[in-house]
Amino acid sequence: MATKTILLGMPEVSELYKLIEANLRFKGFHVINIIEDSLSFRYPSFHSHLYVKYRKLICKDTYAKKQLQWQVLQKNIARKIEQAGGLDYALFISGDIYSKTFLEFIRGQSRNGIVNYQFDGLHRCPAIYPLIDAFDRFYVFDPDDLAKNKHLFLPATNFYFDHKLTEPLPQTENDFYFIGVHVPSRQAFINRFAQIAEQHNWKIDFNIAWKRNPKKGRQLYPQHNINLIKQPLSFAANQQRALQSKVLVDFVVSEHKGLSFRVFEALGFNKKLITTNADVAHYDFYHPDNILILNNQNWHEIHHFLNTPMHPVPEEIRTKYSFSNWINYILDIEPHSKISLPL
C-alpha cells in the first residue's frame with residue numbers, strides 16, 4: 001500500500017505534537033507537521049504587525065493574527081503538500097488556533113476531508129465555535145459536550161502511545177507521580193495528599209508548574225515534598241517519570257468531565273491510578289483494584305489500594321484506547337474499534 005500523507009496541526013502543548021508525529025510515522029504515514037511552521041512565524045513587516053495590533057485593540061478582532069499567520073505560511077504548506085503528491089488526511093487537535101480561511105484551504109486539499117479532536121471542554125475554548133462547520137468530522141472528549149450536541153459531534157477519548165510499549169519498562173523509583181499547573185479547584189487535594197504521603201513515608205514525585213513568585217507558590221503549596229517547577233516537562237519526559245512510579249495520580253480540572261491523558265497512560269503502562277474524576281467509573285476499563293476514585297471521605301483507602309494486586313484488563317479493551325486504534329477510529333480507517341463516551 002502506498003504511503004499516505006497526513007497533515008497535523010495542534011497547539012504546542014509541552015511538545016505533545018512530537019510524540020504524535022513519531023507515532024504517525026510508526027503507523028506508516030508521511031507527516032506534514034505544521035506546528036513548527038507556526039512556531040517559527042515572524043511578521044513579514046512592521047506595518048503588518050501594526051495592522052494586527054490595530055485590528056485587535058480597536059476593532060476587537062481576535063482572529064487578526066491568525067489570519068495573517070496562515071496567509072503567510074499557507075504558501076509554504078501548499079508547497080509541502082505538492083511535494084508529497086497531495087494530501088490524504090488532515091488531523092487537527094484543538095483547531096481553534098487556526099483561522100477558518102486556512103482550515104477551508106486544507107479541507108480543499110485533503111482527499112479524505114479534515115477532522116478535529118477537541119481535547120478540552122468546548123466552553124473553555126470558545127474560539128472553536130465559529131470553526132466547527134469547517135471540519136468534516138468533529139470529535140469531543142467531554143461527555144457533556146456530546147450530550148448537548150449529538151447531531152454535530154462524535155465521541156472520542158484521549159489515548160496512550162503504544163509503539164514503544166514492547167521495550168523494557170524502567171525500574172520504579174516513586175510510589176506516586178503527578179504533574180500539573182496550578183488550578184485553585186484542586187489545590188487542597190494536592191496538599192492533603194502530600195501531607196498523607198509524608199505521614200506514611202511514601203515517596204512521591206509531585207510537580208506544580210509555577211512561573212510566578214516562588215514565595216507565593218510555596219504559600220499555596222507548603223508541603224516540601226511538592227516540587228515547584230518553572231517550566232512544565234515535555235510530554236516525553238513526563239511519560240518517562242510516569243513509568244518510574246508505581247501509581248499515577250490525576251487531580252481533575254473541575255471545568256470538564258473528560259478523562260485526562262494520565263488515565264490512559266495508567267491503562268497503557270499497566271499502572272494503578274488515583275483520580276478525583278468520578279466519571280472514570282463509567283468507562284469499560286474501570287476496576288476498583290486498578291483505579292481509586294478519591295474524594296473527601298476515602299483518604300484512608302489509599303494504603304489498602306496501594307497494596308492490592310491489579311486486576312487484569314481484557315486486552316481488547318486496553319488496545320481500544322491505544323494511539324494505533326485511536327488514529328484509525330478518528331480517520332475512519334478500518335479496522336478499528338469504536339470509542340464511545342458515557343452519557
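1. Helices (H or I, at least four residues) and strands (E, at least two) are DSSP runs, numbered from the N terminus.

2. Strands β1 (residues 5-9) and β2 (residues 30-33) run parallel and are joined by four bridges; strands count as paired if DSSP finds at least two bridges between them. Within this pair, L7 of the chain stands opposite I32 in β2.

3. Before going further, please keep in mind that this is a predicted model, in which local features need pLDDT of at least 70, side-chain atom pairs count only at pLDDT 80 or more, and totals for chains, interfaces and linings use all residues. Residues are numbered from 1 along each chain as its sequence is written, and side-chain values use heavy atoms, with hydrogens and water left out.

4. L7 also turns up in the largest nonpolar core, which has 80 residues; L7, I20, F92, I106, F285 and W326 touch the most other members. Such a core is a set of buried Ala, Val, Leu, Ile, Met, Phe, Trp, Tyr and Cys residues joined through side-chain atoms within 4.5 Å, where buried means under 20% relative accessible area (1.4 Å probe, protein chains only). A second, separate core of 25 residues includes F189, F193, A197 and W210.

5. Which residues does W326 touch, leaving out those up to four places away in sequence? Its contacts (heavy atoms within 4.5 Å) are L91, I93, Y117, A156, T157, N158, F159, K320 and I339.

6. Now to the open sheet of six strands, in the order β9-β8-β7-β10-β11-β12, with parallel pairing. β9 (226-229) and β12 (291-293) are at the edges with a single partner strand each, so one side of each has no neighbour in the sheet. From one strand to the next, the twist averages 20 degrees.

7. For the whole protein chain, the secondary structure comes to 13 helices and twelve strands, and 53% of the 343 residues are buried.

Key. Buried means under 20% relative accessible area, exposed over 50%, partly exposed in between (1.4 Å probe, protein chains only). Axes are lines fitted to C-alpha atoms, for helices over the stretch in contact, and angles run from 0 to 180 degrees between N-to-C directions.
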